Amino acid sequence: MSDIEVFQRAPITDEVLRVEHLKVSFRTERGVVQAVDDVSFRVGRGEVLAIVGESGSGKSVSAMTLMGLTRSPNATISGSARLADGTELVTASDRDLQRVRGSRVAMIFQDPMSALTPVYRVGDQIAEQIRAHEKVSKAAARARAVELLERVGIPRAAERSRAYPHQFSGGMRQRVMIAMALSCSPEILIADEPTTALDVTIQSQILAEIEDLRQETGVAVLLITHDLGVVAEVASRVVVMYAGRVVEECEVHEIFKDPLHPYTWGLLGSVPRIDKVRPDRLPTIQGSPPSLLRPPSGCHFKTRCPHRFAECDREPELRALEPNSVHRDRCHLSLQDKRALRIVDGAIGLPIPVEKELS
Amino acid sequence: MTDVVTSPAGTKAAAALLEIDHLMVMFPVRAGTWGAVVGHVHAVDDVTLTLAEGETLGLVGESGCGKTTLARTLVRLTEPTGGTIRFRGEDLTAKRNKDLRSFRRYVQMVFQDPQASLNPRKRISQIVGAGIRLRGTSKGMKARREVEELLARVGLDPDHAQRYPHEFSGGQRQRIGIARALAADPKLVILDEPVSALDVSIQAQIVNLLDDLQDEFGLSYVFVAHDLSVVRHVSDRIAVMYLGKIVELSSSDELYAQPMHPYTASLLDAIPIPDPDRRRDRRRLVGELPSATNPPPGCRFHTRCPWATDLCTEVEPPLAEFANGHEVACHHPLNVGRTQLSEAIRSESSPRSSGAELTLSPAEAHRVEIDEAQGKDETP
């Protein structure tokens, strides 16, 4: 617990990544999609920052943009994303980015099968990455690949390094991905829904693995997830995204104990809990997320928010409601109102007007 | 609905809508140039279950445990290798072609991936209308009106009936899948991971919808899920599967409060709870699911079980049935006292290959450790 306490309240002094005013839009046949709309966040050394949101919230696009994976003729990217030494990722040339990718910023994906090449042995794939960034012999790179596989808990690593991706189970493939990501000791590991495709038992193994590696190597983790359970388990800080914007940012305890944005309440409310008495009906958030082609003016969440009022047509700022607080949210409600309104039937959630319920 | 669980075995069979009896589904494994059969995948291995009218049975397990194969076999999308499935007393396994078609009216299925299970070239009105035609009672304008009513009932705009599946979001597509299943006016709906592909806030909407529809149309559900937290909300009873076998069957509330099978306990333990104060050192399940082609002898879970003894490696445990209907296939069940153990009987649902007599004993040596762990997991 003690290392978690350190993150409490402490401002990030030693940051490895600073993202400022990041905007990503895509021109499509049906118009411009503003996928990421002015997103800023920082990642401190050795911390786990979770970006939480549902499909279409822009969480994955943000992460992929850091790796230069959203660059395309129809994409417009602006803003800044800088590493500790000032390396700018948004405007970096493809060649510079190639040097950063894999060695200083590494990424693991939701579906390890499509992220690995099916026609190469996994050991060779890891060795190839090592040799892309460091001048070492093939034999040395292979030996390191075996060490890495062993490190991430693959039994009989020497033998298994000669196997192909399809010969591994989903959980083992994700371990291979983690081994590959860590092969060049990166400063940041971006994990995009790393356990979503896995069974719960395997998920808990993989999360433990990531946590062990973080403590051992001091790598900062940017965890993209939709699962608040996973967040509670491993994150130190949380950024909640909705429809391309950051709607709340705080320490991990605050998101569960003192959430300030109505969307966060709805998200917390709709998670079925096995540790509580089961309610007759699951609390929900009414409606569905807005189209990013034509997002609502003002607050993006107002179309689904039962607490909306006239003010919500004006765009809210992401701001701290208490002085010197690192807890920021994007909502016009006052702190007192928030604390009163978020409790529904004794738990945090959103009330559903009976006549309006879309069940 | 809970009285179904507690009633004696005889009356349970009388009220049963669906009776699955020693069901086997095996897939041949072929190898070599000539495709010689070198083994079988025991996807569903001697499963016996009943489902009462109006009941929801949850079917839970990790990928590869056979839950989806079992669900698909219930609508004969997969052919059983052995055993019988009876729907209202009629043997489905014997049905062919035309007979089978008339039965499908009564048993419908909703699939996990609404994108893949809706024909992209058909309009919603055609997709949902197919079920109404199958029923054969309405035509023309009347059928059209029924489609619109159904769409409205599942929370879609009836004006969108002429649209194509790609014009809808994931949650809306799943609503279409549900409307299609309901169009045939079924008695039983097999839900194969209906909310796994959806966002949490949408998941909750769909679960509530399914709840409402069940009351309104008098439906029975078989709800397949790998997610123990969602399945708890919808199920009256839950069956936990491991490598093709039922390892535990119990009323939903009891399963969560007192899991008896070590596998169920570790599944529950693996669920991350959205509360950072409850970050805990879990008893993490080691290893992965063994091969279903060559399953371990004795109890199939013994390779990963922290409480396994020599007995577990030799004798397959039969299902022990306790007074309240809770059944567990384990030689050393958790959360149960000596008196209860001595009163348990060998369930008639036990697989034929399992031990002829119950050999129950608490995992004595580990008892203290188990109690500690359970105490820690006590809900606040």
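## Worked exercises on a predicted two-chain model

In chain A, Asp14(A) and Arg45(A) join their side chains in a salt bridge, with N and O 2.8 Å apart. The model is predicted, so local features need pLDDT of at least 70 and side-chain atom pairs count only at pLDDT 80 or more, while totals for chains, interfaces and linings use all residues. Residues are numbered from 1 along each chain as its sequence is written, chains are lettered from A in the order in which they are written, and side-chain values use heavy atoms, with hydrogens and water left out.

**Exercise 1.** Find which parts of the chain the pair Asp14(A) and Arg45(A) links.

*Solution.* Start with the term: a salt bridge puts a side-chain nitrogen of Lys or Arg within 4 Å of a carboxyl oxygen of Asp or Glu. Helices (H or I, at least four residues) and strands (E, at least two) are DSSP runs. Over all chains, the structure holds 46 salt bridges.

**Exercise 2.** Describe how helix 5 and helix 6 of chain A cross.

*Solution.* First, take the axes of helix 5 (residues 122-133) and helix 6 (residues 138-151) of chain A: they come within 8 Å and cross at roughly 115 degrees. Angles run from 0 to 180 degrees between N-to-C directions. Then list the contact (heavy atoms within 4.5 Å). Helix 5 of chain A brings residues including Ile126(A) and Ile130(A), and helix 6 of chain A brings residues including Ala145(A) and Leu148(A). By class, the contact residues are eight nonpolar, one polar and five charged.

**Exercise 3.** Characterise the interface of chain A and chain B.

*Solution.* Begin with the count: 52 residues of chain A touch 50 residues of chain B. Now look for charge pairs: the rule finds four salt bridges across this interface. Asp253(B) pairs with Arg278(A) in a salt bridge, their closest N and O atoms 3.3 Å apart. Finally, helix 8 (170-182), helix 9 (200-217), helix 10 (228-234) and helix 11 (252-257) of chain A each give at least two residues to the side that touches chain B.

Conventions:
Ala, Val, Leu, Ile, Met, Phe, Trp, Tyr, Cys and Pro count as nonpolar, Asp, Glu, Lys and Arg as charged, and the others, Gly among them, as polar.
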